[in-house]
Amino acid sequence: MIAQSYAAGEAEAPALVLSEALSFWGGIDVETGRIIDHSHPDRGTSVTGLILVMPGGRGSSSSSSVLAEAIRRGTGPAAIVLSIPDPILTIGALVAQALYGVRCPIVVCSIDTLATGDRVRIHADDTGSAQVDTIAPR
Amino acid sequence: MLNGEAGEATRFAMQLLASFSRAVGAPALIDITRAHIDGCLYHGQVSLDFVERLVAGGGRVRVPTSLNVGAIDLIHPELSRLTPGEQAPARRLMKAHEELGCQPSFTCAPYQTEFRPSFGEQIAWGESNAIVFANSVIGARTNRYGDFIDLCCALTGRAPAWGLHLDENRHGRVLFRLAGFPASLQPTDALFVAVGLLIGSLSGERVPVIEGLPAPRSEDQLKALGAAAASSGAVALFHAIGITPEAPTLSDALGGRAPEQTIELGPEDIARALKRLSTVPDGSPITAVCLGTPHFSRAEWNRMLPLLRDIAPARGIPIYVNTGRATLQELQDEGSLEGTKAFNLITVTDTCTYLTPILERLDGTVMTNSGKWAHYAPGNLGVQVAFGELEDCLASAAAGRVVRVAR
């Protein structure tokens, strides 16, 4: 599936599909990668090493720092797939890449066909193009 | 700036800004007149790594730049329950921003200070509640800039020509119509918070327009609406017909087009949204009251202090009020806070009680009149929360349990 690339990189990992947008700030514990948002339906689930799929971004403009810190610590997602762009998460990934050389690709496409547990491969370049493919459904 | 002529820090900032601009599809950059930095709240080593790199590269902001809350009340450092080891990087982060030329405002409500922008001004602001206030209540123009990018804009004096900086993106697309309310609908704090929570959760990325909101008692109620909408969703701009500056009429707010969707909000929707905010039933004992999220304005203080003296809580339940240091200085210079310690009033500046350890007790229920505080605190602090009007909060401090007195 063709997608738009907002932060470049490659990833191949199981998908974690969230039914609701998640604010990384106030929503993710950077030490464990777990969702701590009191009101989120997927509270308790870890995003570490997974391809996080959600409708969009939400909440605090400090989510950039939380994402970048999680990437720095190795508890961040392998990649993020959104159905609408989120500049806050985008800058978090770009800074982590600039400071530490670690990439967390961020892409935008339809998320209807992705399901939790699907093995997904993402290739996102730095000119705006990306490819998102399910290589093994759950 | 990209070739390093303006220094290494500016080069680094411009490079990130350029990547970010490409990512959002902006064809060009625009000049900005001011910036508000969200990044001085310590979130981890990355916060310092980023800023120290800019300091080392000789970075200086090119526009008047205010700072959002940090992790420590620098004026009342004894309030912080962070260990010295945790405090050190948080303090360094706040100080490093000053070394870049940022003003030590340390407030989430810069629109209540000398840094308030004017209608139409192009600015780069972080802090979700400040963004929505600047756009909606003032009619200034900013996108949802966050940590890192806000400083890149400040160091370059530029922002991407995208999103809410442009006329065509400021028109409303989803219409919320208050329906089923009596003609005498009163502007209560709870109504504004509930409407904020609802438009936040239902708007997605579309600019919401609200029809039927009663005229607010003050802009602080619009502040509360925006803060709630920016917490439950990603709202950066809302229009309230006949109230906010870009929405004298419905047609103005919608840019002359029909809305993509119309959603009716009735009394049951409001009641349900408010009920979800409280995690305990009425009558539950409380351990604290927290007010001022966003920071209490002078007007809110003027309303609260007479109520506080009247109700005169005497059970020793702490009443924390977050406010900007400039506001606190004013109150202290006037002597307006004299005697309030007797009611266990604890003023907090430079930070906020929901994002750093200040509360003495985390094992009980905290009452608040802030939708934003109620939304974030249970996850951040582990407390239970009860939401009510200001009068309810103060009466509950006096009663030692959740009571409701506001009509």
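Student: By class, how many nonpolar, polar and charged residues are in the lining of the second largest pocket?

Tutor: That lining has 15 nonpolar, nine polar and five charged residues. Asp, Glu, Lys and Arg count as charged; Ala, Val, Leu, Ile, Met, Phe, Trp, Tyr, Cys and Pro count as nonpolar; the others, Gly among them, are polar.

Student: What should I know about the model itself?

Tutor: It is a predicted model: local features need pLDDT of at least 70 and side-chain atom pairs pLDDT 80 or more, while totals for chains, interfaces and linings use all residues. Residues are numbered from 1 along each chain as written, chains are lettered from A and ligands numbered from 1 in the order written, and side-chain values use heavy atoms, without hydrogens and water.

Student: Back to the pocket. What is the volume of the second largest pocket?

Tutor: About 910 Å³. A pocket is an open set of points on a 1 Å grid, with protein on both sides within 12 Å along at least five of seven lines; a cavity is a set where a 1.4 Å probe fits but cannot get out, and lining residues have an atom within 4 Å of a point. Volume is the space filled by probe spheres set on the points, which are joined across faces, edges and corners.

Student: Which residues are closest to the centre of the second largest pocket?

Tutor: Of its 29 lining residues, the closest are A:Val30, B:Tyr42, B:His43, B:Leu82 and B:Leu355.

Student: And which helices and strands each supply at least two residues of that lining?

Tutor: Chain A gives strand S3 (28-29) and helix H1 (63-73). Chain B gives helix H3 (84-99) and helix H12 (371-381). Helices (H or I, at least four residues) and strands (E, at least two) are DSSP runs, numbered from the N terminus.

Student: How many cavities of 30 Å³ or more are there?

Tutor: Three. The largest cavity holds about 160 Å³ of space. Among the 21 residues lining the largest cavity, those closest to its centre are B:Val69, B:Glu127, B:Tyr354, B:Leu355 and B:Lys372.

Student: Which element gives the largest share of the lining of the largest cavity?

Tutor: S10(B), with four residues. That strand spans 288-296, and H12 of chain B also gives two or more. By class, this lining has nine nonpolar, nine polar and three charged residues.

Student: New topic. In what order do the strands of the open sheet in chain B run?

Tutor: The five strands go S12-S11-S10-S13-S14, with parallel pairing. Strands pair if DSSP finds at least two bridges between them. The edge strands are S12 (345-349) and S14 (384-387), each pairing on one side only. S13 (365-368) and S14 of chain B share four bridges. In that pairing, B:Val366 has B:Val385 as its bridge partner.

Student: What do the seven strands of chain A close into?

Tutor: A barrel, with mixed pairing, in the order S1-S7-S6-S5-S2-S8-S9. S5(A) pairs in the parallel sense with S2(A) over three bridges. A:Ala15 is partnered there with A:Ile51. S5(A) also runs parallel to S6(A), joined by four bridges. A:Val53 stands opposite A:Val81 in S6(A).

Student: Are the two faces of S5(A) covered or open?

Tutor: Both are covered. A:Ile51 and A:Val53 on one side, and A:Leu52 and A:Met54 on the other, are all buried. Buried means under 20% relative accessible area, exposed over 50%, partly exposed in between, with a 1.4 Å probe and protein chains only.

Student: Last one: where does A:Asp86 lie?

Tutor: In the loop between strand S6 (79-82) and helix H2 (87-100) of chain A.

Student: Why does A:Asp86 count as buried?

Tutor: Because its relative accessible area is 6%. Beyond its neighbours within four places in sequence, A:Asp86 is in contact (heavy atoms within 4.5 Å) with A:Gly57 and B:Arg144.
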